[in-house]
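Hi everyone, thanks for coming. Let's look at one model together and walk through a few of its parts.

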Amino acid sequence: MSHTIERAPDERVNWLGSAPFILMHLAPLGALFTGVPWVAWVVMAVLYFGRMWFVTAGYHRYFAHRSYKMGRVMQFIMAVGATTAVQKGPIWWAAHHRHHHKYSDQENDVHSPKRGFWWSHMGWILCRKYDATRTELVPDLMKYPELRWLNKYWIIPQVALIAAVFGFGLLFSGGAVVPALGIVFIGFFLSTILLSHTTYTINSLSHVLGRRRFATNDTSRNNWVLALITGGEGWHNNHHHYQGSTRQGFKWWEIDTTYYVLWVLSKLRLVWGLHTPPKRVLTRHLIKQGAPDIGTFDKYWAKAVKALQQSGHATGDFATEQKAKLSELYVATRAKLLELANATAQKPAA
Ligand SMILES: [Zn+2]
Ligand SMILES: [Zn+2]
């Protein structure tokens, strides 16, 4: 699917700039030479789930969406914790994410799967185009000098964590360097790679695989497997429907471990003002009640047009005038559907 898409020069893979990211993927192979002490797997699990929590609770639900509150010291701790996940700085992350919600699956969405699966998964990170922080989208975060500093020197917490894991490895192995390195290869690098790719699935797979409860204007889906491995982020259709909610699992059975931990922290008064969706939000735009689903309309329309183009009939007339008519029809139908969707949104649900 992605091979048919033309990329601008600044949208192609920046091999030099991406070298550390690519090398990171090779680092766990070092364990073949050092061996892997059992504790490395414990470190891996702790760093995977711990940092996933910082990314989802911190970068996503706090910095990008401001769905709950915390004090300035706690905010900094949250930012440092999430920065160890090797996903650049807090302001960069939050700004790109706000942009994604603003333009979900539209032309200028940074990582819409409509531009190809791999593009949405990691292509957009490996090119030069999105290196800069979109500061205009995050004035609320730009006013903190400590966050601006961390956004610039995001590499520091990661290097500190690698040093800490190595130090722990030395302690565990009684000063022996080789097993300590094995703990770094698996404990830090393998967990970082897993963490990176499961985070990316929210931009890629969560817009492709799963069920849609709410008719949102994008292709977001709810997927319980992704929710389990990402601490609740897999309830992505819920999230696109109502971004203001700290809790992303809307039903009791929609496991959302990020929220559970935040709930405990709120009882300890370390965070406050957690949001959950109000009833009127839970009962509007429901697909099973017939809400027109613009998100999938686009997908099936695009599929139909592609099938037409690939068929033998798509030459001559089709290529010229009919294609233009088809585009007109698309615009008109979509506008009508949107109108309908908004009309049903006004009506209280049965
Ligand atoms: Zn979001
Ligand atoms: Zn999304």
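Here is a question to start us off: how are helix 9 and helix 10 oriented to each other? Before I answer, please keep in mind that this is a predicted model.

Helix 9 covers residues 155–172, and its axis makes an angle of about 135 degrees with that of helix 10. Angles from 65 to 115 degrees count as roughly perpendicular and those over 145 as roughly antiparallel, so helix 9 and helix 10 are oblique to each other. Their axes are 8 Å apart, and the crossing is right-handed.

Who does the touching here? From helix 9 we have Leu-161, Ile-162, Val-165, Phe-166, Gly-169, Leu-170 and Phe-172. On the helix 10 side, the partners are Pro-179, Ala-180, Ile-183, Val-184, Gly-187 and Phe-188. Sorted by class, this contact has 11 nonpolar residues, two polar ones and no charged ones.

Now stay with helix 10, residues 177–203, and bring in helix 3, residues 39–64. These two pack at an angle of about 35 degrees, with 8 Å between their axes. Helix 3 also passes helix 10 in a right-handed crossing.

Let's zoom in on a single residue. Ser-18 sits in the segment before helix 1, which runs over 19–26. Is Ser-18 buried, exposed or partly exposed? A buried residue needs 20 or more other C-beta atoms within 10 Å, and an exposed one has 12 or fewer. Ser-18 has 15, so it is partly exposed. Leaving aside residues up to four places away in sequence, Ser-18 touches Val-13 and Leu-126. As for Gln-309, 291 residues away along the chain, its C-alpha atom is 36 Å from that of Ser-18.

Finally, let's step back to the domains. The domain assignment gives domain 1 as 2–282 and domain 2 as 290–346. Their C-alpha centres lie 34 Å apart. Six residues of domain 1 and eight residues of domain 2 take part in the contact. On the domain 1 side, those residues are one nonpolar, three polar and two charged.

That's my tour, and I'm happy to go back to any part of it.

How values were computed: Residues are numbered from 1 along each chain as its sequence is written. Chains are lettered from A and ligands numbered from 1 in the order in which they are written. This is a predicted model: local features need pLDDT of at least 70, side-chain atom pairs count only at pLDDT 80 or more; totals for chains, interfaces and linings use all residues. Helices (H or I, at least four residues) and strands (E, at least two) are DSSP runs, numbered from the N terminus. Two residues are in contact if their C-beta atoms, placed from the backbone, lie within 7 Å. Axes are lines fitted to C-alpha atoms, for helices over the stretch in contact, and angles run from 0 to 180 degrees between N-to-C directions. A crossing is left-handed if the near helix is turned anticlockwise from the far one by less than a right angle, and right-handed if clockwise. Domain bounds come from an automatic or database domain assignment. Ala, Val, Leu, Ile, Met, Phe, Trp, Tyr, Cys and Pro count as nonpolar, Asp, Glu, Lys and Arg as charged, and the others, Gly among them, as polar. Angles under 35 degrees count as roughly parallel, over 145 as roughly antiparallel, 65 to 115 as roughly perpendicular and the rest as oblique.
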